[in-house]
Amino acid sequence: MLTILWLGTALAGSPVLPETAVPGPDRYIHVQAEAGARQVSVDRLWSTLALGPQMRIFQQEAVQEAARLDGEGMIAGSGRSWAETVGDIHDPARLQILFRTGLEKAMGRSDPALIAKALQFYEDGLGRRLVPLEIAARRAMLNDEVTAQAGAAFAQAVSRDDARAGQILRLIEVADLVSPNVTSGLNASVAFSDGFGATGGFDMPLPQDQMLQETWAQQDQIEAETRGWLQSFLMLTYSTLTDEEVERYIDFAASPHGRELASAMFAAYDTVFLQTSRDMGMAAGLRLQGQQL
């Protein structure tokens with residue numbers, strides 16, 4: 001499955017993108033329980049891609065990042081620990097509702113035949129082996145040492161001109177993994193800023209042009225971090241696969257059905273990231289006033 005990485009959001013000076021770039025506050029997707037004709041397909045996708053365990057990993061990643069920021073003195077205000085607050089915002093049951101809400105909407109815009117064909121790939125043979133490998137790798141990379149080792153392994157593969165390094169680079173490109181992550185990171189920063197401002201976090205709002213400039217200034221950094229994380233993650237995830245098996249996965253990722261599934265997944269992740277980022281911004285703003293979300 002195509003994975004989106006967790007992108008932390010700065011707690012101050014997060015500027016705002018133009019209206020066309022990101023949904024405004026009144027258009028954020030809120031927690032809803034939706035039912036409809038596509039429910040069976042959503043259930044099938046949820047089960048096939050083992051998304052339940054992934055929601056728990058997302059929470060762990062968010063809590064770990066929150067604890068790091070708190071430990072570095074980057075969290076102002078008082079009250080319960082920032083890690084606890086972030087953990088509540090990323091409660092797996094809540095993430096499931098957000099994700100499925102976004103997935104329902106995305107499925108309404110998707111070609112059901114292509115989605116079904118993509119799920120068939122993950123329900124048999126090579127595809128069925130990939131999901132546990134990705135989950136195990138993501139869980140392992142909660143350990144910074146594992147992440148560093150995976151990154152070093154990729155760098156060594158590049159220096160030796162190994163075929164696997166080339167395959168990983170091609171997979172990142174054909175699956176278009178970088179651009180949606182960068183967009184998600186920038187939009188998450190906007191959502192955080194919106195929540196932070198809505199609770200009185202800013203002493204004085206920045207001028208629009210300055211906020212735009214500072215937002216886009218993050219793009220290169222986010223892109224570099226995204227590429228580095230993906231290279232490490234994919235190097236670790238597919239280390240037990242043969243080159244032929246990785247080639248088969250690259251073919252799938254580049255196929256119309258692979259791209260259709262990726263598009264739906266990215267849309268669902270965006271629903272999660274926009275809402276949780278805005279909630280963290282609100283929580284951070286309230287924390288400055290000694291209050292809680």
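The following dialogue explains how to read several features of this predicted model.

User: What elements make up the protein chain, and in what order do they run?

Analyst: One begins by listing the elements from the N terminus. The protein chain has 13 helices and zero strands, and its elements run α-α-α-α-α-α-α-α-α-α-α-α-α.

User: How many residues does the protein chain have, and what percentage of them count as buried?

Analyst: The protein chain has 293 residues, and 48% of these count as buried. Sequence separation is another aspect to consider. Among contacts in the protein chain with a separation of 6 or more, 89% are between residues 24 or more positions apart.

User: Which residues of helix 5 are buried, and where do they lie around the axis?

Analyst: Buried residues in a helix can be read by their directions around the axis. In helix 5, which spans residues 112-122, the buried residues are Ile 115, Ala 118, Leu 119, Phe 121 and Tyr 122. These residues lie on the same side of helix 5 because they cover an arc of only 145° around the axis.

User: What caps the N-terminal end of helix 5?

Analyst: The cap is Asp 111, which has a side-chain oxygen 2.9 Å from the backbone nitrogen of Ala 113.

User: Which residues does His 257 touch, and is His 257 buried or exposed?

Analyst: For such a residue, one considers its element, its accessibility and its contacts in turn. His 257 belongs to helix 13, residues 256-288, and counts as buried because its relative accessibility is 13%, where the cut-off for buried is under 20%. Leaving out residues up to four places away in sequence, His 257 touches Leu 114, Lys 117, Ala 118 and Phe 252. Of these, Ala 118 is also one of the buried residues of helix 5. Between His 257 and Phe 121 there are 136 residues of sequence separation, while their C-alpha atoms are 9.6 Å apart in space.

User: At what angle do the axes of helix 2 and helix 6 cross, and what is the handedness of the crossing?

Analyst: For a pair of helices, one reads the distance, the angle and the residues that meet. The axes of helix 2 (residues 51-71) and helix 6 (residues 125-140) come within 10 Å and cross at roughly 15°. Helix 2 is therefore roughly parallel to helix 6, and the crossing is left-handed. On the helix 2 side, Pro 53, Gln 54, Ile 57, Phe 58 and Glu 61 meet Ile 135, Arg 138 and Arg 139 of helix 6.

User: How do helix 8 and helix 12 pack?

Analyst: Their axes are 9 Å apart, at an angle of about 10°, so helix 8 and helix 12 are roughly parallel to each other. The residues making this contact include Ala 163, Gln 167 and Leu 171 of helix 8, and Val 246, Tyr 249 and Ile 250 of helix 12. Another residue of helix 12 is Glu 245, which counts as buried at 13% relative accessibility. Not counting residues up to four places away in sequence, Glu 245 touches Leu 126 and Arg 129.

Technical notes: Residues numbered from 1 in each chain as written. Predicted model: local features only at pLDDT ≥ 70, side-chain atom pairs only at ≥ 80, totals over all residues. Heavy atoms only, no water. Buried < 20%, exposed > 50% of the residue type's maximum accessible area, 1.4 Å probe, protein only. Helix = DSSP H or I, 4+ residues; strand = E, 2+ residues; numbered from the N terminus. Arc of directions from axis to C-beta. Polar contact = N/O pair within 3.5 Å; in protein donor to acceptor, adjacent residues only side chain to side chain. Axes fitted to C-alpha atoms, helices over the stretch in contact; angles between N-to-C directions. Parallel < 35°, antiparallel > 145°, perpendicular 65-115°, else oblique. Left-handed = near helix turned anticlockwise from the far one by under 90°. Contact = heavy atoms within 4.5 Å.
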